[in-house]
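The following exercises ask the student to read a protein structure step by step. Please study the sequence and the structure before turning to the solutions.

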Amino acid sequence: AYERSRQEDRSERYVATLAMNAARTLFAAKAYAQAVAYYDKVPRTDPAWPRAQVEAAWAAFRAEDMDTVLGRLHTNESPFFHDFYQPEAAMLRAQALYLLCKFPATTAAIDDFQARYQPILDTLEVQVPQLGDGGALEQARTVLDGGTPALPSMVLREVSWDGRLDQQLDTIAQGVHELTSLE
């Protein structure tokens, strides 16, 4: 499907989505090297590229290749990623360092994680209970509509391009329509 979509000159976003889906399927099948090959097909210009790097690092982790894990995640420490919400990448990096017996570096990675993500957690602990039922969904809809959410924007960053929320909202709307027509 990936190769065919490239031959048919489908949009870059469409082809990147197929690459991510193929990589995730291969990861689930424990074909980690092949999964990494498909994560690498996600172009750097695609909004999914940062996520592809983290998922490729997970594939390397599952293949017990800690050097590749660290190499993949090194990019995430650049200033470009400062506004990205990737606590998973930070903790994966600490785990890889620990497994390589780099104990001082592991401690530093954990301290960095704590310094970066604790303020965000503190904010979320205050804001999320105030949202009420369906509040998180409303925050995501606010992002999709181009508004400013109450939650930290880095937490909702992927909502605007991922497409899965749009699909779910469409499914809910279709379900509501079906229920209404049945009544």
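Two exercises with worked solutions follow, and both concern a predicted model.

**Exercise 1.** Describe the largest pocket: state its volume, the residues closest to its centre, and the elements and classes of residue in its lining.

*Solution.* 
Step 1. The volume of the largest pocket is about 370 Å³.
Step 2. The lining of this pocket consists of 17 residues, and Asn76, Glu77, Ala90, Asp112 and Arg116 are the closest to the centre.
Step 3. Two elements each give two or more residues to the lining, namely helix 6 (87-99) and helix 7 (103-131). The greatest contribution comes from helix 7, with five residues.
Step 4. Sorted by class, the lining has nine nonpolar residues, four polar residues and four charged residues.

**Exercise 2.** Determine how helix 8 and helix 10 are oriented to each other, and identify the residues that make their contact.

*Solution.* 
Step 1. Helix 8 spans residues 135-144 and helix 10 spans residues 164-182. The two helices pack at an angle of about 115 degrees, and their axes lie 11 Å apart.
Step 2. Angles of 65 to 115 degrees count as roughly perpendicular. Helix 8 and helix 10 are therefore roughly perpendicular to each other.
Step 3. The crossing of these two helices is left-handed.

Notes:
Residues are numbered from 1 along each chain as its sequence is written. This is a predicted model: local features need pLDDT of at least 70, side-chain atom pairs count only at pLDDT 80 or more; totals for chains, interfaces and linings use all residues. Side-chain values use heavy atoms; hydrogens and water are left out. On a 1 Å grid over the protein atoms alone, a cavity is a set of points where a 1.4 Å probe fits but cannot get out, and a pocket is an open set with protein on both sides within 12 Å along at least five of seven lines; lining residues have an atom within 4 Å of a point. Grid points are joined across faces, edges and corners, and a volume is the space filled by probe spheres set on the points. Helices (H or I, at least four residues) and strands (E, at least two) are DSSP runs, numbered from the N terminus. Ala, Val, Leu, Ile, Met, Phe, Trp, Tyr, Cys and Pro count as nonpolar, Asp, Glu, Lys and Arg as charged, and the others, Gly among them, as polar. Axes are lines fitted to C-alpha atoms, for helices over the stretch in contact, and angles run from 0 to 180 degrees between N-to-C directions. Angles under 35 degrees count as roughly parallel, over 145 as roughly antiparallel, 65 to 115 as roughly perpendicular and the rest as oblique. A crossing is left-handed if the near helix is turned anticlockwise from the far one by less than a right angle, and right-handed if clockwise. Contact means heavy atoms within 4.5 Å.
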